[in-house]
Structures are given as C-alpha cells and as structure tokens.
Amino acid sequence: MEDVPWFEYDEDDLNVAQRAFVEVLAERASSWLIDPLDTVVAPPANASDRELIVWLDIVDPQRNQAVLTVGAHFDGSAIHADKLHNQHFSRPEEATEFIFTATGNPTELAVRTAAWFEAILARPLIRCEWQHAGRTYAGRFEFADTGRGLTESFEDRYAPRGLRERLAAEGVVRGRGRINRAGLGEPDLIRQVRGRPTVA
C-alpha cells in the first residue's frame, strides 16, 4: 500500500506561497506520532478566496474517535489558528485557549504553525470513564495538565438509577443541561490517549 503523505494536496490547487507553507508543515509532521490521514489541506474555495486552511484531527486511536480539531487559516502573509469546527473548519466566534496568530513569510509561518501543532500534540490527553454493571455510561476527554474538558458523553440507560434520578432532579438531563465531571464524582478508569502522564 502506498504511503499517504502528511498534509496531502494537489499542486494545481495551490499557489507558490501556499505550496511553500504546506511543504514545511508536511516535513515537520513526518516526525509526529499521528496518522497522516488526520492532517488535511483545504485549498481556497475559489479564485477570489486567498485563504488556505490546514488542520489536524487529534484522535483517540483506541476508539478511532476524533477528540479535537485544530487548524490554521493562511492568507499568504498571516496565520489565524485556533480550535476549528469539525465540519465547517471555521474558527470560533470567541477565541479559545488554542488561539495563535502571526505574520511573516510562508516558511516562517509554517515553522511557527508546526510548533503550535506540536505544542498541542504534546499535551497530556486522557479519557475518563464512569462505569456501572460492566458498562461505560459516561466518558470525558480532557487535558490532564489543566483538567479542561474537550468532549463528553453520557448514556442515560447505563447509568446507576440513583445517579439518573439525582441528575434529573437537578435539571441536568439531555437537552436541558450539561453533565460534567463534577456531577459524576471520580472516574472508574483513566486512560492515557496522548502525551506523557502528568506527575501528581
């Protein structure tokens, strides 16, 4: 099977500056512990649009589940990077902790963008699981260094009855509130997804 390149693109889709930017990123990405298919280049949508988008999906390989999409919008002389919408790849209306902006030439910007990706990839990412009767009823991906949650899930039908009743009484039910770590107590399992484990 042919190797898939990092940040793969069709040369005809990019101009000289965009190709220079992506080539540096791809070279740096070759040392990252990720699947090349999780790195993506989206060329400008039309001739009047000068903005190239590159992004990286951070995936839990055990679950084959995307946890976070981060990426950069490059216009030839500036980078605007942050967490991206996982379908539209737009930047959020309000900046997140991942925001990164810079100006410069394509090579400089690619080097700085690669370093930004690498810093995010190096952060310790864990998956917390809450279990009952042999089934996982709640899960949460979070950065272990800050406790910041990225995604969470809750399967009401597998949760202990007392917990379901308490959450319902507190108004924390699907569609009306958000179930978070504080409402569940300590997880039954913590699995390392990326990065080095934090030392207590």
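The model is predicted, with local features needing pLDDT of at least 70 and side-chain atom pairs counting only at pLDDT 80 or more, while totals for chains, interfaces and linings use all residues. Residues are numbered from 1 along each chain as its sequence is written, and side-chain values use heavy atoms, with hydrogens and water left out.

**The fold as a whole**

The protein chain has four helices and nine strands; these are DSSP runs (helices H or I, at least four residues; strands E, at least two), numbered from the N terminus. Going along the sequence, the order is α-β-β-β-β-β-α-β-β-β-α-α-β. The C-alpha trace spans about 60 × 35 × 35 Å along its principal axes. Of the 200 residues, 41% are buried; buried means under 20% relative accessible area, exposed over 50%, and partly exposed in between, with a 1.4 Å probe and protein chains only. The accessible surface is about 11,600 Å², and 48% of that belongs to carbon and sulfur atoms. Those areas come from the Shrake-Rupley method with a 1.4 Å probe, and for residues only the protein chains shown count as cover. As for contacts (heavy atoms within 4.5 Å), take those between residues at least 6 apart in sequence: 49% of them join residues at least 24 apart.

Helix α2 covers residues 106–122, and its 17 residues reach 24 Å from first C-alpha to last, close to the 24 Å expected at 1.5 Å a residue. The expected span is 1.5 Å times one less than the number of residues.

Which residues of α2 are buried? They are Pro106, Leu109, Ala110, Thr113, Ala114, Trp116, Phe117, Ile120 and Leu121. Looking down the axis of α2, these fall within an arc of 160 degrees, so they line one face of the helix; the arc is taken from the directions from the helix axis to the C-beta atoms. In general, an α-helix has 3.6 residues a turn, so residues three or four places apart point the same way.

In α1, the buried set is Gln18, Phe21, Val22, Val24, Leu25, Ala26 and Ala29. These residues pack against β1 (39–42), β2, β3, β4 and α2.

Both helices have an asparagine at the start. In α1, a side-chain oxygen of asparagine 15 comes to within 3.1 Å of the backbone nitrogen of alanine 17. In α2, a side-chain oxygen of asparagine 105 does likewise, to within 3.0 Å of the backbone nitrogen of threonine 107.

**The nonpolar cores**

A nonpolar core here is a set of buried Ala, Val, Leu, Ile, Met, Phe, Trp, Tyr and Cys residues joined through side-chain atoms within 4.5 Å. The largest has 37 residues, and Phe7, Phe21, Val54 and Phe117 touch the most other members. Elements giving two or more residues to this core are α1 (16–29), β2 (52–60), β3 (65–74), β4 (78–83), β5 (100–103), α2 and β7. The biggest share is from α2, with seven residues. A second, separate core has 10 residues, including Cys128, Trp130, Tyr137 and Phe154.

**Some single residues**

| Residue | Relative accessible area | State |
|---|---|---|
| Phenylalanine 7 | 1% | buried |
| Phenylalanine 89 | 17% | buried |
| Arginine 123 | 15% | buried |
| Glycine 139 | 13% | buried |
| Alanine 144 | 25% | partly exposed |

Phenylalanine 7 sits in the segment before α1 and has a positive phi of about 50 degrees, although it is not a glycine. Leaving aside neighbours within four places in sequence, its contacts include Val22, Leu25, Trp32, Val54 and Phe117. Phenylalanine 89, in the loop between β4 and β5, also has a positive phi, near 60 degrees.

Arginine 123 is in the loop between α2 and β6 (125–132). Its side chain makes a polar contact with the side chain of aspartate 145 at 3.2 Å. A polar contact is a pair of N or O atoms within 3.5 Å; within protein, one must be able to donate a hydrogen and the other to accept it, and residues adjacent in sequence count only if both atoms are side-chain atoms.

Glycine 139 lies in β7 (residues 135–143). Glycine 139 and glutamate 129 are 10 residues apart in sequence, with 4.5 Å between their C-alpha atoms.
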